Amino acid sequence: MAKQRPAGELFIAVAKEVGNLLGADAAMLLRYEADGSSVLVAGWGAADRPGRYRVGSPIRIEGVEWGELVAASEEPLAADSEGRIASFTELVATAIANTQSRAELTASRARVVAAADDSRRRLERDLHDGTQQRLVSLGLELRIAQSLVPEDAHEAHAKLEQVESGLMSALEDLREISRGIHPAILSRGGLGPAVRALARRSAVPVDMRADSLEKLPDGVEIAAYYVVSEALANATRYAEASHVSVEVERVDDHLRVRISDDGVGGADPARGTGLVGLGDRVGALGGTVTVTSPKAGGTTIVAELPLVGSLAMPS
């Protein structure tokens, strides 16, 4: 429990310990179902045979009976077996409660990330469909105005050209901001085209390998995109890299994103908010981010994102 091992490992260990301690032929951890039946969660020994003698203790979590810990044997069990097994049920109840609390916290973080991404997506759409289109229309109107100015009005032409240049610059800035808020290409084409677009815009040459990825859960696509984006930005700004390789592939029920550069290394995730933020985002989906960055040995960032389960937030 102290090491926060998966509940399943603890359950099996408890069943084994109970069976050995009581000299039983079998030990079983049962979970009660809503229909009154029970499900074997963990077993030890001859758990498939009921045994002539049985002793058990209920497992209560927050006042509700969750299940039961049972020991069974073909021979009579010691008189104090029931009291001894009760101490183990307290351990199991605590482990289950801790697991549920961690799951609820992770699910809550995932909902917060999903809500933030939804807001960013709406903001990007409003900028693209509203403000950007208005600026494009103003640019067209400005060109019409330029055509109406006499050719010998040099000062007016110069001023209008200056305004047009500023307008186009503002429009490009807005597009960059819009891409940073939420990449439209991610919504339109999916993760593969989106990360390839990042590679094309990178100031450092990128060797890109992105498998043909079918539509993935929204949260996974967004997290993977920002992992690649942040890693390429770091390679450009800090790593002094001359080459970066990016691999995005589906491995069983996970999406693996691996970015390696040949830069100076020595990256410390604890000293940069970017990598910390990525770890939080990926962690909220039940995934992991690892950074390997020896001095003068380049930097490798690997993100593993689960594709199954409620935390992956399918679209």
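These legends walk through close-up views of a predicted model of one protein chain.

**View 1. The whole chain, as a starting point.**
Before zooming in, here is the overall tally for this predicted model. The protein chain has seven helices and nine strands. Of its 315 residues, 40% are buried. Contacts with a separation of 6 or more are counted here, and 64% of them join residues 24 or more positions apart. The protein chain exposes about 17400 Å², with carbon and sulfur atoms supplying 52% of that area.

**View 2. A five-strand sheet, seen strand by strand.**
This open sheet runs in the order S5-S6-S7-S9-S8, and its pairing is mixed. Which strands sit at the edges? They are S5 and S8, each of which pairs on one side only. Ignoring direction, neighbouring strands of the sheet are turned by 10 degrees against each other on average. Helix H5 packs on the sheet and touches S5, S6 and S7, with its direction at about 180 degrees to that of S5. Helix H6 lies across S5, S6, S7 and S9, and runs at about 5 degrees to S7.

**View 3. Strand S9 and its two partners.**
Zoom in on S9, which covers residues 299-306. On one side, S9 pairs with strand S7 (residues 254-261) in the antiparallel sense, over eight bridges. Ile259 has Ile301 in S9 as its bridge partner. Strand S8 (residues 288-292) also runs antiparallel to S9, and five bridges join the two. Here Val291 stands opposite Ile301, while Thr288 stands opposite Glu304. S8 and S9 make a hairpin with six residues between them. In that turn, Ala296 has a positive phi of about 60 degrees.

**View 4. Both faces of S9 under cover.**
Are the faces of S9 buried or exposed? Both are covered: Thr299, Ile301, Ala303 and Leu305 are buried on one side, and Thr300, Val302, Glu304 and Pro306 are buried on the other. Eight of the eight residues in the strand are buried, so S9 is largely enclosed by the rest of the structure.

The side chains of Glu304 and Arg256 meet in a salt bridge, 2.6 Å from N to O. Glu304 belongs to S9 and Arg256 to S7, so this pair ties together parts that are 48 residues apart in sequence. Why does Glu304 count as buried? Its relative accessible area is 19%, and the cut-off for buried is under 20%. Arg256 has 29% relative accessibility, so this residue counts as partly exposed.

**View 6**
The structure holds six salt bridges. Side chains of opposite charge can pair when their charged atoms come close. Take Arg143 and Glu164, whose closest N and O atoms are 3.0 Å apart. This pair links distant parts of the chain, with Arg143 in helix H2 (residues 81-148) and Glu164 in helix H3 (residues 154-181), 21 residues apart. Arg143 is partly exposed at 46% relative accessibility, whereas Glu164 is buried at 18%. Elsewhere, Glu33 bridges to Arg31, again with 3.0 Å between the closest N and O atoms. Glu33 is partly exposed at 31%, and Arg31 is partly exposed at 30%. There is also a network of salt bridges that links Arg209, Glu247 and Glu249.

**View 5. The largest nonpolar core.**
Which members of this 36-residue core touch the most others? They are Leu191, Leu255 and Val257. H5, H6, S6, S7, helix H7 (273-284) and S9 each give two or more residues to the core. H6 provides the largest share, eleven residues. Leaving out residues up to four places away in sequence, Leu255 touches a list of residues that includes Leu191, Val220, Val248, Ala303 and Leu305. A second, separate core of 23 residues has Ala15, Leu29, Val55 and Ile59 among its members.

**View 6. The buried residues of helix H5.**
H5 spans residues 191-201. Its buried residues are Leu191, Gly192, Ala194, Val195, Ala197, Leu198 and Ala199. These pack against helix H4 (184-189), strand S5 (206-210), helix H6 (218-237), strand S6 (244-251) and S7.

Note on methods. Residues are numbered from 1 along each chain as its sequence is written. This is a predicted model: local features need pLDDT of at least 70, side-chain atom pairs count only at pLDDT 80 or more; totals for chains, interfaces and linings use all residues. Side-chain values use heavy atoms; hydrogens and water are left out. Buried means under 20% relative accessible area, exposed over 50%, partly exposed in between (1.4 Å probe, protein chains only). Helices (H or I, at least four residues) and strands (E, at least two) are DSSP runs, numbered from the N terminus. Two strands pair if DSSP finds at least two bridges between them. Contact means heavy atoms within 4.5 Å. Accessible areas come from the Shrake-Rupley method with a 1.4 Å probe; for residues, only the protein chains shown count as cover. A salt bridge is a side-chain nitrogen of Lys or Arg within 4 Å of a carboxyl oxygen of Asp or Glu. A nonpolar core is a set of buried Ala, Val, Leu, Ile, Met, Phe, Trp, Tyr and Cys residues joined through side-chain atoms within 4.5 Å. Axes are lines fitted to C-alpha atoms, for helices over the stretch in contact, and angles run from 0 to 180 degrees between N-to-C directions.
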